[in-house]
Amino acid sequence: MTRIPEETIEAIRSKTDIVDLVGEYVQLTKRGKNWFGLCPFHGENSPSFSVSEDKQLFHCFGCGASGNAITFVMDIENSPFAEALVKLAARTGIEIGVDIQNDSASNSRNEYKHMFEAHSLAANFYNHLLLNTVEGEEALQYLEKRGFTRDSLEKYEIGWSLDNSSALADLLKRKGFDLKDMERAGLCIMKDDGTGFFDRFRGRIMFPLQDDNGAVVAFSGRTLLDSKQEAKYLNSPETPIFEKSRILYNFHNARLNVRKTGKVILFEGFMDTISANRADILNSVAVMGTSLSDTHLIKLKRIAKEIIICCDGDNAGWEAAKRFAVLAIKKGMEVQIALLPEKMDPDDYISEHGADAFRNKIIGNPHPYMSFIMAYAKRSKNLSNQNDVLQFIHEVLEELTTRTSPVERDMYIRLISDETGISKDAINQQFLKMAGKQAKQTKLIPQNAATIPTVVSNKKVTGTERAERLLLFHLLNDGALFDRFREERRELFIRDDYSAIFVRLAGFYEKHGSPDFHRFAESLEDRELRKIVLDAAMVERDPEHAEEEIDDCISHIEKFRVRIKIDEKILESKEAEKVNDHTRALELAREIIQLRKSVMAL
């Protein structure tokens with residue numbers, strides 16, 4: 001395995017600003033010396049994730065995740081050390097200086113590397129066919145008429161798949177890919193007679209679908225001409241590298257702009273996002289032909305305070321907007337809805353009214369959630385009809401009972417009154433009645449019900465755990481101390497994970513010689529052990545009284561170890577008494593007395 005020079009690793013670590021790095025994944029706000037945001041490693045509603053600019057470290061007070069810039073990339077991207085280093089080297093402009101492509105860590109990233117490579121090859125192939133061949137000319141002209149420029153076609157890697165039934169399959173085979181694997185990857189399909197493979201996508205405009213890192217993982221193919229005989233869109237099936245519930249279209253492009261603005265625009269489909277980009281809206285994403293999932297929302301909440309939902313102007317679009325809004329509100333996001341005229345989608349609106357109108361009048365003028373609910377409830381009703389009026393009031397008040405602001409309540413009760421002609425007092429009475437009924441129902445819900453958000457509580461740290469953590473801190477920063485304890489061959493720690501770290505630290509000192517807790521943590525593949533090491537590295541301690549601290553830690557741990565033995569002896573004694581082995585019981589009693597005396601002496 002090729003070894004990356006230590007000075008290169010240190011240069012990459014020191015040149016990476018951890019606040020900027022984490023800020024690409026998490027929306028951070030400065031409080032005092034540190035920056036805070038929602039932890040990207042567990043779901044939470046209030047920020048407990050801290051980033052220290054001075055120490056260049058992060059720590060979550062909820063789940064305990066800790067680390068530096070390199071381990072952050074390792075954890076957030078689920079990457080081995082070498083790949084995380086390559087990513088940060090590219091970001092900082094530092095040359096690695098060695099070829100790590102053959103490193104076992106890189107090769108073991110996951111077993112699906114060939115699927116990513118095949119999708120990248122397919123995207124380049126399709127894009128070339130569209131932009132540079134006679135076969136792609138008709139599709140290119142169609143897209144240009146729809147407002148696509150060559151720049152946008154290249155940016156989104158849009159392409160064309162040939163009518164030829166096996167053009168891509170033949171290319172993949174020539175490049176050495178196993179076509180059975182390519183079938184599993186969703187690119188090919190085996191013929192019924194088992195004699196070969198044909199392309200899944202044929203004669204379609206190809207839209208690559210990327211993961212959060214911008215790697216192509218799937219495709220959506222659109223027919224050139226609308227036809228009743230075949231589906232307008234054909235999408236890749238779910239594969240080992242493509243799950244619709246985890247991927248948001250354009251997330252990798254939009255992430256930085258979302259973080260800068262604090263807002264994300266959510267569309268129903270990827271074509272809406274591409275159209276919005278042409279209107280210079282650079283902070284939009286889209287769901288991938290599926291419902292909005294918890295994974296999607298957690299991802300968005302980490303980088304945005306506010307979500308603006310923009311769905312088509314037809315009935316299905318209104319229903320989708322309401323579903324999306326309800327889910328986003330449950331996740332604690334600020335929600336607004338951008339409404340389009342009836343039966344229009346974003347592309348239609350931009351084509352008819354222009355990009356400026358879409359950007360300013362639609363996206364720039366969204367409706368608050370309750371305003372949308374009033375419009376939603378009113379759509380299918382005739383407010384000159386008594387039953388429709390009652391139903392309208394009921395639907396709006398039902399949503400209003402979930403809002404806590406008295407000002408908001410008063411404003412919408414006035415608006416309902418203006419819409420229906422019913423007095424504000426009567427509507428307010430109805431509101432109070434509904435709110436009271438809802439409060440009673442809420443009291444009946446058990447506190448551990450699944451509808452109650454899970455809160456990650458901080459586990460109480462025992463004195464022994466604190467002693468082990470502080471002792472580990474000293475061992476991480478003092479090689480001579482480590483050598484001393486190692487030569488004494490004494491058992492230092494109670495918990496197995498700390499003992500495992502001690503063994504790995506011995507190997508680290510043999511290899512590197514001097515202390516470097518950053519480098520040691522980065523060398524640990526086990527994320528839980530890495531978390532313990534970095535948690536210990538951030539412990540507050542008194543540098544002027546290091547020896548006293550170490551002695552106190554050893555004493556506390558030894559006392560705890562003896563108390564464990566006492567408990568074991570007491571249990572043995574009780575068992576001896578049960579079987580009338582009084583000699584053994586007396587012997588154990590003497591041992592317990594001696595152990596208790598030794599605790600007093602420690």
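A residue is called buried under 20% relative accessible area, exposed over 50% and partly exposed in between, with a 1.4 Å probe and protein chains only. The model is predicted, so local features need pLDDT of at least 70 and side-chain atom pairs count only at pLDDT 80 or more, while totals for chains, interfaces and linings use all residues. Residues are numbered from 1 along each chain as its sequence is written, and side-chain values use heavy atoms, with hydrogens and water left out.

**Exercise 1. Positive phi**

Task: State where Asp280 and Asn580 are found, and whether each is buried or exposed.

Solution.
- Step 1. Asp280 is not a glycine, yet its phi is positive, near 65°. Asp280 belongs to the loop between helix H12 (270-278) and strand S14 (284-287). Here helices (H or I, at least four residues) and strands (E, at least two) are DSSP runs, numbered from the N terminus.
- Step 2. The relative accessibility of Asp280 is 52%, so this residue counts as exposed.
- Step 3. Asn580, also not a glycine, has a positive phi of about 60°. Its place is the loop between helix H26 (546-578) and helix H27 (582-601).
- Step 4. With a relative accessible area of 57%, Asn580 is exposed.

**Exercise 2. Salt bridges**

Task: Give the number of salt bridges, then describe the pairs of Glu6, Glu395 and Asp535.

Solution.
- Step 1. A salt bridge needs a side-chain nitrogen of Lys or Arg within 4 Å of a carboxyl oxygen of Asp or Glu. This rule gives 26 salt bridges.
- Step 2. Glu6 meets Arg519 at 3.1 Å, N to O. Glu6 lies in helix H1 (residues 6-15) and Arg519 in helix H24 (residues 517-523), so the pair ties together parts that are 513 residues apart in sequence. Glu6 is partly exposed at 24% relative accessibility, whereas Arg519 is buried at 11%.
- Step 3. Glu395 meets Lys381 at 3.2 Å, N to O. Glu395 is in helix H18 (residues 386-400) and Lys381 in the loop between helix H17 (369-379) and H18, 14 residues apart. Glu395 counts as partly exposed at 23%, and Lys381 as buried at 17%.
- Step 4. Asp535 meets Arg469 at 3.6 Å, N to O. This pair links helix H25 (residues 527-537), which holds Asp535, with helix H21 (residues 463-477), which holds Arg469, 66 residues apart. Arg469 is partly exposed, at 22%.
- Step 5. Through shared partners, salt bridges join Glu6, Glu10, Arg13, Arg519 and Glu522 into one network.

**Exercise 3. Rings and charges**

Task: Name the residues whose charged ends sit over the rings of Phe251 and Phe485.

Solution.
- Step 1. A charge sits over a ring if NZ of Lys or CZ of Arg is within 6 Å of the ring centre and within 35 degrees of the ring normal.
- Step 2. For Phe251 the residue is Lys299, with its charged end 5.4 Å from the ring centre.
- Step 3. For Phe485 the residue is Arg484, at 5.0 Å.

**Exercise 4. Two helices**

Task: Describe how H14 and H17 pack.

Solution.
- Step 1. Axes are lines fitted to C-alpha atoms, for helices over the stretch in contact, and angles run from 0 to 180 degrees between N-to-C directions.
- Step 2. Helix H14 (residues 315-330) packs with H17 at an angle of about 145°, and the axes are 11 Å apart.
- Step 3. Contact means heavy atoms within 4.5 Å. Residues of H14 that meet H17 include Trp318 and Ile329; among the H17 residues that meet H14 are Tyr369 and Phe372.
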